[in-house]
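Me: Hi! Could you walk me through this fold? I'd like to start with how the strands pair up.

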Amino acid sequence: MEERKIKIIDRTIIVLREIFGDKLKEKIPKIRELIKLLNMIGSDYIEITQELYEELSPLPQNIKFIVSSNNIIKLESANELSSFLISESSIYKKGNIRIIGLDDGIFYDYEKIFAAVIDTVGKNIEMCIRNKYKSSTALTLEWIKAGGEKVVTTFAGIGGFTPLQEILGGISFLEKIKSRGDYRLFPEVLNIFEDITESKIRGNAPFIGKDIFNVESGIHVNGIAKDSRTFEPYDPSEIGRKRNIIIGKHSSINALEIKLEELNIKYEYDNLIIMLEDVRKLSTQKRGGLSDDDIKRLYKKLCI
């Protein structure tokens with residue numbers, strides 16, 4: 001993997017404070033734990049406000065914090081960038097500057113846009129792309145490919161920002177840039193984040209969704225059984241997950257065999273054809289995959 005250093009500034013804590021207000025004070029121990037985990041998975045800096053600094057003190061040790069500044073340029077549209085580069089660049093060239101917005105950059109020549117930013121202001125600018133058009137991850141990775149060195153994120157994209165976990169996964173698994181983060185902690189971060197926000201992240205969310213390694217389709221199960229790289233871009237264990245074979249109306253006999261072996265059930269192959277029909281009927285009734293208990297019950301029924 002490439003040894004290039006990308007600096008990730010995460011503002012999850014600030015956004016949580018903006019959304020939940022004083023209610024967040026009730027969960028300060030969990031917030032401190034979340035800060036530690038955000039750092040462990042790969043955030044280089046945790047952004048806070050002066051108010052948060054006072055509320056959360058003492059802050060976790062050996063973590064780099066950034067106090068939010070006013071050195072920010074908000075660009076609602078990529079169309080506004082040209083005038084900024086002409087009129088404002090000389091003011092900010094000597095110091096840090098953050099660009100927030102560029103949501104619609106996906107509709108323009110973003111390679112040209114990012115090249116212009118780097119040529120005029122430099123690689124060190126903090127790029128904070130919003131997610132109005134669901135393209136912030138792609139644009140942020142393009143910024144990194146263009147040579148950009150600093151990006152701003154939030155975990156799970158809370159607040160409409162670029163999702164931290166997607167950038168971490170993108171730079172490692174797509175761009176092959178080495179990261180110091182331990183992605184096996186993703187499930188732990190997700191659990192405490194859901195606890196703090198009292199909400200659930202959708203099961204198919206990239207890198208953190210609980211269902212992203214659920215497999216039901218017969219052809220997918222067969223392919224994974226022969227070579228997991230056929231359908232999986234990385235091993236589930238790399239992000240702290242396990243593959244889960246879902247048995248349902250689309251399952252094959254091969255998938256059923258794999259599931260029974262996973263459940264340590266000794267089976268007679270001749271029974272599987274009959275069982276598969278029962279599986280399809282029950283999954284159709286339930287309108288979804290079957291639980292492990294369902295599978296055990298169906299096989300036990302055959303053996304009576």
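Reply: Happy to! First, a term: two strands count as paired if DSSP finds at least two bridges between them. Keep in mind that this is a predicted model.

Me: Good. Which residue in β6 is the bridge partner of arginine 98?
Reply: That's glutamate 126. The pairing involves β5, residues 98-101, and β6, residues 126-129, which run parallel and share four bridges.

Me: And what order do the strands of the sheet come in?
Reply: The order is β3-β2-β1-β7-β6-β5-β4, an open sheet of seven strands with parallel pairing. β3 (65-67) and β4 (72-75) are at the edges with a single partner strand each, so one side of each has no neighbour in the sheet. From one strand to the next, the twist averages 25°.

Me: Which strands does α8 lie across?
Reply: Helix α8, residues 164-174, lies across β1 (7-10) and β7 (150-153). Relative to β1, helix α8 runs at about 170°.

Me: Switching to the inside: which residues touch the most other members of the largest nonpolar core?
Reply: Ile13, Leu16, Leu38, Phe84, Trp143 and Ile144 do, in a core of 69 residues. Helix α2 (residues 28-41) is the top contributor to this core, with seven residues.

Me: What does leucine 38 touch?
Reply: Leaving out residues up to four places away in sequence, leucine 38 touches Asp10, Thr12, Ile13, Ser43, Ile46, Phe155, Leu164 and Val189.

Terms used:
Residues are numbered from 1 along each chain as its sequence is written. This is a predicted model: local features need pLDDT of at least 70, side-chain atom pairs count only at pLDDT 80 or more; totals for chains, interfaces and linings use all residues. Side-chain values use heavy atoms; hydrogens and water are left out. Helices (H or I, at least four residues) and strands (E, at least two) are DSSP runs, numbered from the N terminus. Axes are lines fitted to C-alpha atoms, for helices over the stretch in contact, and angles run from 0 to 180 degrees between N-to-C directions. Contact means heavy atoms within 4.5 Å. A nonpolar core is a set of buried Ala, Val, Leu, Ile, Met, Phe, Trp, Tyr and Cys residues joined through side-chain atoms within 4.5 Å. Buried means under 20% relative accessible area, exposed over 50%, partly exposed in between (1.4 Å probe, protein chains only).
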